[in-house]
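Please open the structure in your viewer and keep the selection panel at hand. The tour below moves from one selection to the next and says what is there at each stop.

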Amino acid sequence: MVRNVTWRTWLMHAVLIFGTVILAFPIYTALVASTHTVRAVITEMPLWFGSQAWENYITVLSGGASEVGIPPVGIMMFNSVVMALGITVGKLSVSLLAAYAVVFFRFPLRRVFFWMIFITLMLPVEVRIMPTFEVVSDLGMLNSYSGLILPLIASATATFLFRQFYLTIPDELFEAARIDGAGPLRFFWDHILPLSRTNMAAMFVILFIYGWNQYLWPLLVTSDESMYTVVMGLQRSTAMPDAIPHWNLIMSTALLGLLPPVLVVVFMQRLFVKGLVETEK
Amino acid sequence: MAEIKLEEVRKSYGPAEVVHGVDLTIPDGEFLVLVGPSGCGKSTILRMIAGLETVTSGRISIDRRIVNRLEPKDRDIAMVFQNYALYPHMSVYQNMAYGLKVRGVHKADIHNRVNEAAVTLGLGEYLDRKPRALSGGQRQRVAMGRALVRNPKAFLFDEPLSNLDAKLRNQMRVELKQLHARLKNTFVYVTHDQVEAMTLGQRIMVLRDGNVEQVGTPDEIYNQPASTFVAGFIGAPSMNILSGSVDGDAIRFAGKAGLVHAGSLPGREVKIGVRPEHLCLRKEGEGDYCQVRAKVALIEPLGGDTVVHCRLNGGSDENIIIRVHPDEKVGENETAILYFKADTLHLFDAETQRRINGVQVCAG
């Protein structure tokens, strides 16, 4: 038995290590590439770190990479943060309130409204991109934060998640609050929000990464370089006409662009897991 | 402190009427218990008084003010729920203070009232805890404390002890009674447990399928049940109900045993009710005893007394339960003669199931 277990333990670890290597390799490559000169990266991809790391990151951060087609990273990062936070906060507020309406209020066609929200799951931005663009451009919101954020703000997924959570809140809690004198808004603020804390944290992580990774939409509505986001800016910089892409600088930018979502995950991991597995009783 | 009055109160869900016209006046300071089996409408009535359910028709007034259209918060009542309904994210202190905070009571005043209630309920050292760190009995106390600090016109209780274990329930029952004696406030208490109803209520309202079966003091309910339903519902083990047929001025039941009655009976069939404790295995002193023969089917010793399940002889195949002193020696499958005094029995109309009053009976 003992030998059997050992053998299986080895096998399991081998599989896990193999998977980790596959997942980590691209990031490793990016890290290595960001420490070399462009010549070294293009001629023969080195497998170990070089000595250019400091120079590369300084160049990228100081905006010195503009001449090789990479927009200033600082501005792009700022734009990305604004967009991702805007989408996250917007989605959370809209879906918290939408779910609250659907669960706690009796109004005509309540179920119809819920299902109408639900079927928008089938209509992500990519599907409705033409009409959405038309609306945003007619409203004069091209090249603006509101144009980046507003069309992505409604979320059926988050609404559904919060609805499921609200349904687990016993009716008596609402009734007790009514007798205590709390109206609907007060109940939402004093009870629903604190109770949804862990769920909100979990949704925050998911939605922040969703917002951060937006590519197609920013590509469409921003033409001014000062409104570029990191993810789309990167793509732009690989497609310079008549020039060699500066992969070392692109990789530095990519790694910088990776940092905020990683930080969000690292710092919110405990709340995130709690929000997904635990319901506060 | 307030009188609560219900006039012809009805409640329907769609086409289904669940409360069929209830009239009731609860005087200021009374402890009234609404009791009945599940689905009898007792909770619905309480929730209508609280304002959590709308009233389909009729009028509810609290302190001579009609409250039909008032929000719960404007009725100045407090309610204790079966599952306590404590706010899980708030400490005990915050739970009790919440109702006052919403009403804009001054902070220092809230502090005094919560601490006073906490001392009363023995919660002083738990004020900083969250409800999930409390036992069931403590949570129940917090729920009561939340009602107490508000000092409302009336307290409403919706089966508050049902989630507690038997021992704690007895203890809390006593505390509730003492609380009422001290506050002298109007209490309306819903339960399905007849022991709670009998011990707590100054008056009891027995409900069945949305109809009022009887309203009265525990003594009236127990000793003069208005119907076979009340007779069977109140008291444990419940009252024995036997069928009897009227033959001239005699009533025959359990085969050939008989009674003689004086007065007019409404029909040819009657129901005869006898409480288990009024049956005995031998005559005690002189008295007007009836007797029936029965076969002992099952014995349940409870310690303080013994419950004996018997099957009546004489082809009627009726069961009868008696409660006797534990020293009584009786064996299963033995045939026994059961005695009861004629003046302890209750007569009911077999058709309407209502009590028949004013008919004297004696053993015959």
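Buried area, a term needed at the first stop, is the accessible area that two parts lose on being put together, summed over both. Keep in mind throughout that this is a predicted model.

**Stop 1: where the two chains meet**

If you select by contact instead, you will find 18 residues of chain A in contact with 26 residues of chain B.

How many salt bridges are there between chain A and chain B? The count is three, and between these chains there are also eleven residue pairs in polar contact, counted where both residues have a pLDDT of 80 or more. Now show the helices α9 (171-180) and α10 (184-195) of chain A, the elements that give two or more residues to the side of chain A that touches chain B. Of that side, α9(A) gives the most, with eight residues.

**Stop 2**

Select A:Glu175 and B:Arg47, whose side chains meet in a salt bridge with a distance of 2.6 Å from N to O. Then select A:Asp180 and B:Arg150, whose side chains also meet in a salt bridge, here at 3.7 Å from N to O. This second pair crosses between chains, running from helix α9 of chain A, where A:Asp180 sits, to helix α4 of chain B, where B:Arg150 sits.

Are these two residues buried or exposed? A:Asp180 counts as buried because its relative accessibility is 3%, under the cut-off of 20%, and B:Arg150 counts as buried at 7%.

**Stop 3: a glutamine in the helix α4 of chain B**

Stay with helix α4 of chain B, which covers residues 136-150, and select B:Gln138, which has its place there. B:Gln138 is buried, with a relative accessible area of 14%. Its side chain reaches the backbone nitrogen of B:Ser135 at 2.9 Å. When neighbours within four places in sequence are left aside, B:Gln138 is in contact with B:Leu123 and B:Tyr126.

**Stop 4: salt bridges within chain B**

Select B:Arg323 and B:Asp305, which form a salt bridge with their closest N and O atoms 3.2 Å apart. B:Arg323 lies in strand β17 (residues 319-324) of chain B and B:Asp305 in the loop between β15 (289-301) and β16 (306-312), so the pair ties together parts that are 18 residues apart in sequence. Both partners are partly exposed, B:Arg323 with a relative accessible area of 28% and B:Asp305 with one of 22%.

For another pair, select B:Lys73 and B:Asp74, whose side chains meet in a salt bridge at 3.8 Å, N to O. B:Lys73 counts as partly exposed at 34% relative accessibility, and B:Asp74 is partly exposed at 35%.

**Stop 5**

In soluble globular proteins, nonpolar side chains tend to be buried together. In this model the largest nonpolar core has 66 residues, and those that touch the most other members are A:Tyr166, B:Leu6 and B:Ile45. Apart from that core lies another, of 44 residues, and among them are B:Ala78, B:Leu134, B:Phe157 and B:Phe233.

Return to B:Leu6 and show what surrounds it: leaving aside neighbours within four places in sequence, B:Leu6 is in contact with residues including B:Val22, B:Leu24, B:Ile45, B:Ile49 and B:Ile60.

**Stop 6: the two domains of chain A**

Domain 1 and domain 2 of chain A bury about 1400 Å² between them, 79% of it on carbon and sulfur atoms. Across this interface the rule finds zero salt bridges. On the side of domain 1 that touches domain 2, the largest share, five residues, comes from α3(A).

Note on methods: Residues numbered from 1 in each chain as written. Chains lettered and ligands numbered in written order. Predicted model: local features only at pLDDT ≥ 70, side-chain atom pairs only at ≥ 80, totals over all residues. Heavy atoms only, no water. Core = buried A, V, L, I, M, F, W, Y, C linked by side-chain atoms within 4.5 Å. Buried < 20%, exposed > 50% of the residue type's maximum accessible area, 1.4 Å probe, protein only. Contact = heavy atoms within 4.5 Å. Buried area = accessible area lost by both parts, 1.4 Å probe. Salt bridge = Lys/Arg side-chain N within 4 Å of Asp/Glu carboxyl O. Helix = DSSP H or I, 4+ residues; strand = E, 2+ residues; numbered from the N terminus. Polar contact = N/O pair within 3.5 Å; in protein donor to acceptor, adjacent residues only side chain to side chain.
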